[in-house]
Amino acid sequence: LFRANLTTTPQWSDFGSLPRGAISPDLQPCVYSGHIYCIFKMDRSDDKASLFRSPLNGHSRVADWQPVDLPVGQWRFHSYCFTHSDTFFIAVTRMSGTLEPSQIYRKTNVGTWEYVCEFPAGLLAYGLAVMGHQLVVFGGCSEFDYKCPSQSVHAIDLNDVSTGWHPLPALPCECIFPRAVAIDNAIHVLAYKDSTHTWGTEVLSLDMTTTASSSTTALSTTSQWSRNTIPLVPLAACGLVVVNGQMVVVGGWIPGDSDDVQKSVFVYHSESGQWLPLPSLNTAIKNALVVAYNNKLVSFGGSGQTYLLSGIEILQVAAD
């Protein structure tokens, strides 16, 4: 992962803090147009979503968080930010008496919020990845108390949502809050809970090399999800991100000991088939949120052993 043009051994360093009063989010932020975007809740007794952004100025600390208006409505803080092409997207879930599928909105730098579509029936914004022009959503729950995890996987063309959602092979096990990334022609999911309802971590992979490349053709594959082709990460509740085409997991805790929160960081080395250690965080964290930009890793949110964390750390992985 690290390039030879770094003159010193990289270490994690302080990079700022969350917005004042913000309670740690637990879904993916993103980098868009020189800013980091994330949805927080601002009141322990209220699950209402609040969207903030802060400029990323080289090595300057993340400190200037500014609120960003959300689409009209009341939305739960359990939401995703993601990008495609030059457009910013959010997947949000309405706060209402009945549980409705999550909804997707988009916005350009100068535009207003535009409704895109809603998730497939019964699915909430619990896991997603962007692969080319396709949005892949998977897992999720029909309830907020983790009782009904779904194994279904669907994809939609962000360039033409009128084609609708198309099913992909179902996940081979139930998982809560699946973290997912797309690398080359494969989708990788970090599954945190299996069908026996025991905590653990497993990497599930779906080979998409049989996918049609036409922008007007639905995402499809004849492959099935593979289990353990990538060795198990010895941690649960890790942050997950892709840097320079390689999968990185950040923090987490050792299953069976909820107090044993970790500072460890690993990168998956595909040639050796091993997880290799990277410099450790300064603060132990589980459920970390991680973004990558300009050869840097930024970790924030999550919690320590007994408390939520407000600090942000950065690691330079290659020279700018």
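User: Two strands pair if DSSP finds at least two bridges between them. Going by that, in which sense do strand 2 and strand 3 pair, and over how many bridges?

Analyst: They pair in the antiparallel sense, over 3 bridges. Strands here are DSSP runs of E with at least two residues, helices are runs of H or I with at least four, and both are numbered from the N terminus. Keep in mind that this is a predicted model, where local features need pLDDT of at least 70 and side-chain atom pairs count only at pLDDT 80 or more, while totals for chains, interfaces and linings use all residues. Residues are numbered from 1 along each chain as its sequence is written, and side-chain values use heavy atoms, with hydrogens and water left out.

User: Fine. What stands opposite C30?

Analyst: Y37 in strand 3. Strands 2 and 3 make a hairpin with 2 residues between them, and S33 takes a positive phi near 50 degrees there.

User: And which residue does Y37 face in strand 4?

Analyst: The bridge partner of Y37 in that strand is R53. Strand 3 and strand 4 (residues 46–55) run antiparallel and are joined by 8 bridges. Another hairpin connects them, through 2 residues.

User: How many residues of strand 3 are buried?

Analyst: 7 of the 9 residues in 35–43, so strand 3 is largely enclosed by the rest of the structure. Buried means under 20% relative accessible area, exposed means over 50%, and partly exposed is in between, with a 1.4 Å probe and protein chains only.

User: Switching topic: what order do the strands take in the open sheet of 4?

Analyst: The order is 6-7-8-9, with antiparallel pairing. Strand 6 (80–84) and strand 9 (114–118) are at the edges with a single partner strand each, so one side of each has no neighbour in the sheet. From one strand to the next, the twist averages 25 degrees. For that angle, axes are lines fitted to C-alpha atoms (for helices over the stretch in contact), and angles run from 0 to 180 degrees between N-to-C directions.

User: How many bridges between strands 7 and 8?

Analyst: 5, linking residues 87–92 with residues 103–107 in the antiparallel sense. Within that pairing, V92 stands opposite Q103.

User: How many aromatic pairs does the structure hold?

Analyst: 11 of them. One is W75 with Y105: the ring centres are 5.7 Å apart and the planes are at 70 degrees, so the pair is edge-to-face. The rule is that rings of Phe, Tyr and Trp (its six-membered ring) pair if their centres lie within 6.5 Å; planes under 30 degrees apart count as stacked, over 60 as edge-to-face and the rest as tilted.

User: Where do W75 and Y105 lie?

Analyst: W75 is in the loop between strand 5 (66–68) and strand 6, and Y105 is in strand 8, so the pair ties together parts 30 residues apart in sequence. W75 is buried at 1% relative accessible area, and Y105 also counts as buried, at 10%.

User: What about F88 and W113: which geometry do they have?

Analyst: Their ring centres are 6.0 Å apart with planes at 55 degrees, so that pair is tilted. F88 lies in strand 7 and W113 in the loop between strand 8 and strand 9, so parts 25 residues apart in sequence are tied together. Both residues are buried. They also belong to one aromatic cluster with Y32 and Y37.

User: On to the largest pocket. What's its volume?

Analyst: About 620 Å³. The search uses a 1 Å grid over the protein atoms alone: a cavity is a set of points where a 1.4 Å probe fits but cannot get out, a pocket is an open set with protein on both sides within 12 Å along at least five of seven lines, and lining residues have an atom within 4 Å of a point. Points are joined across faces, edges and corners, and the volume is the space filled by probe spheres set on them.

User: Which residues lie nearest its centre?

Analyst: Q28, A180, V181, V241 and V242, out of 23 lining residues. Elements giving two or more residues to the lining include strand 14 (179–183), strand 18 and strand 22.

User: What's strand 22 paired with?

Analyst: Strand 23 (residues 296–300), antiparallel, through 5 bridges. L289 stands opposite F300 there. The two strands form a hairpin with 2 residues between them, and N294 in the turn has a positive phi of about 45 degrees.
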